[in-house]
Amino acid sequence: MRDLVSILDGNTFLVSDRRGDIEPSYDFPTGLFSFDTRFLSTWVLTLDGERLHALSVDDSESYRTTFFLAPGEPTHYLDAKASVIRSRAIVGSFEEELTVLNHLGAEVECTLRIEVGADFADLFEIKNARQKRGRTTITVGENELRLAYRREEFHREMVLRTTAPARIDETGMTFRIRIARNGRWSTRLHVSSVVFGARSQDIRATLPYGGSRSADAIRAEQQELIDRAPKLGCDCEPLAGAYRRSLNDLAALRYESIALGVRLIAAGLPWFMTLFGRDSIITSLQVLPFLPELVPPTILMLAGLQGHRVDDFRDEEPGKILHELRYGETAGFEEQPHSPYYGSADSTPLFIILLDEYELWTGDSALVRKLESQVRAALKWIDTYGDLLGTGYLWYQTRNPETGLQNQCWKDSWDAISYADGQLPGFPRATCELQGYAYDAKIRAARLARKFWNDPEFADTLEREAADLKQRFDRDFWIPEREHYALALDADGRQVDALTSNIGHLLWSGIVDESRAGKVVEHLLGPRLFSGGGLRTLAADEGRYNPIGYHVGTVWPFDNSIIAWGLWRYGFRDEAGLICETMLAASRYFGGRLPEAFAGYARDLTNYPVEYPTACSPQAWSTGTPLLLLRVMLGLEPQGEHLIIDPAVPSGMGRVELLDIPGRWGTVDALGRSRDPEERPGGG
């Protein structure tokens with residue numbers, strides 16, 4: 001995506017090339033999108049019939065970009081008679097100001113044209129192009145071009161208006177302009193994307209942030225959120241830069257849900273600009289110590305859409321937490337099951353974990369009491385529908401073999417779960433981290449039952465079940481000859497023996513027996529998994545290893561942050577610090593913004609992280625990664641009424657200070673130093 005430029009405000013976003021142009025694409029989602037529909041698929045600017053080339057691009061702000069352009073093909077000598085500035089912003093709608101500058105000492109006449117097209121493609125259609133089943137109409141008006149798409153009750157429109165006189169046809173606008181010597185000409189283009197509801201009005205119109213807003217209002221709103229976060233003082237520029245960028249991106253990724261009208265964090269640009277169960281929960285866990293007020297809307301939305309029936313098409317089951325919620329045409333006409341879709345086995349235990357962690361940080365017992373029935377339903381799902389084979393483990397297998405996800409763990413691509421020799425197991429599958437999440441969910445739910453629901457018997461039962469699960473897990477998943485936990489069990493109870501980063505999530509959950517922890521850490525930091533630039537998803541000597549394979553060898557920043565958290569929890573402070581240092585070092589090569597994933601090449605092959613070609617950026621749980629790494633380095637852990645501070649700052653990082661941490665303790669300051677352990681501050 002380095003050759004592409006994106007801007008966003010909530011889940012409305014635009015992706016163009018470095019000239020600012022958009023051309024029809026079914027390989028990567030270029031265009032103007034909102035709520036899973038592409039409203040602009042063509043947006044090409046020419047001057048006197050010539051395409052422009054980029055001199056420079058200012059994309060320092062998330063919601064607006066300025067392109068500085070010149071006509072013709074660049075050579076070693078540029079003597080442009082004119083230049084063009086395109087200043088654009090997402091401000092609810094899309095606005096672009098075009099300015100043409102005359103660099104001659106005489107008046108000039110020229111023709112500026114913007115080619116316009118809207119295919120109204122659903123985001124799911126970008127990868128799988130198909131014939132549209134609705135009808136598009138085009139209306140030319142005075143200084144206005146309107147494209148409308150209808151398919152039964154599904155109705156979307158793109159309306160383009162200009163402030164300067166233009167000759168308008170069905171494919172764009174032409175401006176015949178005269179510019180005085182050394183003068184300039186400009187016009188403002190306004191593109192409205194209209195998402196019609198049942199009453200033939202934009203369904204976003206009644207939402208607080210649904211209409212057009214000024215750039216100043218967006219900037220002020222984002223800055224207000226950033227100002228509420230703790231203040232970081234440190235001597236490490238990669239950490240400082242990543243922290244600033246994370247806060248900016250979190251502010252930009254917030255969008256309003258049509259369903260409940262609450263503010264949520266979209267999972268990632270461009271493919272995942274919506275609510276995801278797993279991604280949204282993990283992002284919430286990452287941001288909790290910094291911006292806890294962002295978390296309740298996600299918890300409440302997931303609780304409100306909790307499964308209540310058996311629906312094979314949507315993989316829905318009573319008590320199950322959703323995987324993904326979409327608003328586009330294919331979901332509306334049930335060509336895809338995402339309205340919502342429940343195909344993840346981990347979002348349900350993670351939901352319980354998040355609610356408990358949220359209460360630990362905030363003391364918000366009212367929310368815990370309010371959601372008692374939803375937590376009980378989630379626990380029941382783990383023990384019933386989630387335990388497909390009745391073995392006491394959490395399994396998955398889609399009910400919908402046509403359009404459902406095969407893999408329903410976080411590594412959900414088709415080839416992500418394999419034996420060491422590269423063969424794929426059958427279904428159902430029980431991946432190891434799912435058992436860790438289930439264990440942690442029961443331990444945490446026991447605390448909630450005992451403290452807030454006045455049900456000590458239920459708490460005792462949950463703790464017994466968790467202890468039994470931990471014992472059985474160690475027996476059934478540990479591979480003695482390889483000295484690590486299996487990636488999964490197959491349907492016959494055989495161990496799927498590939499070495500993967502999943503075992504690091506086990507440390508975070510606490511399911512690893514203390515006697516095994518050292519060996520787990522050896523594997524995690526050994527050369528098979530640790531590239532020198534981060535932990536790979538799959539060890540380098542396994543059958544399906546590919547350093548640029550989506551889940552089979554790449555490095556995922558969020559994955560590394562969870563593993564660092566687990567290392568810290570088991571007392572491996574130096575190892576946790578190493579992961580933190582490695583990820584922050586990588587962030588420098590991405591402008592402080594960690595992408596969804598990057599290549600898993602060994603450090604002796606490259607001195608910098610190699611980009612994964614279609615990685616989402618910004619992506620929510622990568623955006624949250626620097627925050628969780630900072631929590632790990634400072635050793636921040638809530639325990640009852642106290643906040644434990646036990647730093648694990650890597651040597652050489654110097655001063656790390658976090659001021660005004662919000663929480664149930666009022667506000668707290670945390671201080672970390674690269675010191676000997678006995679000199680480090682601790683306690684509450």
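1. Helix 3 (237–253) gives the largest share of the lining of the second largest cavity, three residues. Helices here are DSSP runs of H or I with at least four residues, strands are runs of E with at least two, and both are numbered from the N terminus. Helix 16 (620–623) also supplies at least two residues of this lining. The model is predicted, so local features need pLDDT of at least 70 and side-chain atom pairs pLDDT 80 or more, while totals for chains, interfaces and linings use all residues. Residues are numbered from 1 along each chain as its sequence is written, and side-chain values use heavy atoms, with hydrogens and water left out.

2. The second largest cavity holds about 30 Å³ of space, and the whole structure has two cavities of 30 Å³ or more. A cavity is a set of points, on a 1 Å grid over the protein atoms alone, where a 1.4 Å probe fits but cannot get out; a pocket is an open set with protein on both sides within 12 Å along at least five of seven lines; lining residues have an atom within 4 Å of a point. The lining consists of R245, S246, D249, G592, R593, L594, S622 and T623. By class, one of these is nonpolar, four are polar and three are charged.

3. The largest pocket contains about 960 Å³ of space. Its lining has 33 residues, and F124, K127, F272, L405 and D412 are the closest to its centre. Helix 1 (123–127) and helix 4 (277–287) each supply at least two lining residues; helix 1 gives the most, with three. The lining divides into 13 nonpolar, 11 polar and nine charged residues.

4. The second largest pocket contains about 740 Å³. It is lined by 30 residues, with S6, D59, R245, R593 and S617 nearest its centre.

5. A search of the whole structure finds 73 salt bridges, each a side-chain nitrogen of Lys or Arg within 4 Å of a carboxyl oxygen of Asp or Glu. In one of them, D21 pairs with R86, the closest N and O atoms being 2.7 Å apart. D21 is in the loop between strand 2 (12–17) and strand 3 (31–34), and R86 is in strand 8 (residues 82–91), 65 residues apart. Both D21 and R86 are buried (buried is under 20% relative accessible area, exposed over 50%, partly exposed in between, with a 1.4 Å probe and protein chains only).

6. R482 forms a salt bridge with E542, again with the closest N and O atoms 2.7 Å apart. R482 lies in the loop between strand 21 (478–479) and strand 22 (484–485) and E542 in the loop between helix 13 and helix 14, so the pair ties together parts 60 residues apart in sequence. R482 is partly exposed at 24% relative accessibility, whereas E542 is buried at 7%.

7. A network of salt bridges links twelve positions, among them D356, R444, R569 and R664.

8. I548, Y601 and L605 form a nonpolar surface patch with about 290 Å² of accessible area together. Patch residues have over 30% relative accessible area and no salt bridge; like charges are joined within 9 Å and nonpolar side chains (Val, Leu, Ile, Met, Phe, Trp, Tyr) within 5 Å. I548 lies in the loop between helix 13 (514–525) and helix 14 (557–569).

How values were computed. Accessible areas come from the Shrake-Rupley method with a 1.4 Å probe; for residues, only the protein chains shown count as cover. Grid points are joined across faces, edges and corners, and a volume is the space filled by probe spheres set on the points. Ala, Val, Leu, Ile, Met, Phe, Trp, Tyr, Cys and Pro count as nonpolar, Asp, Glu, Lys and Arg as charged, and the others, Gly among them, as polar.
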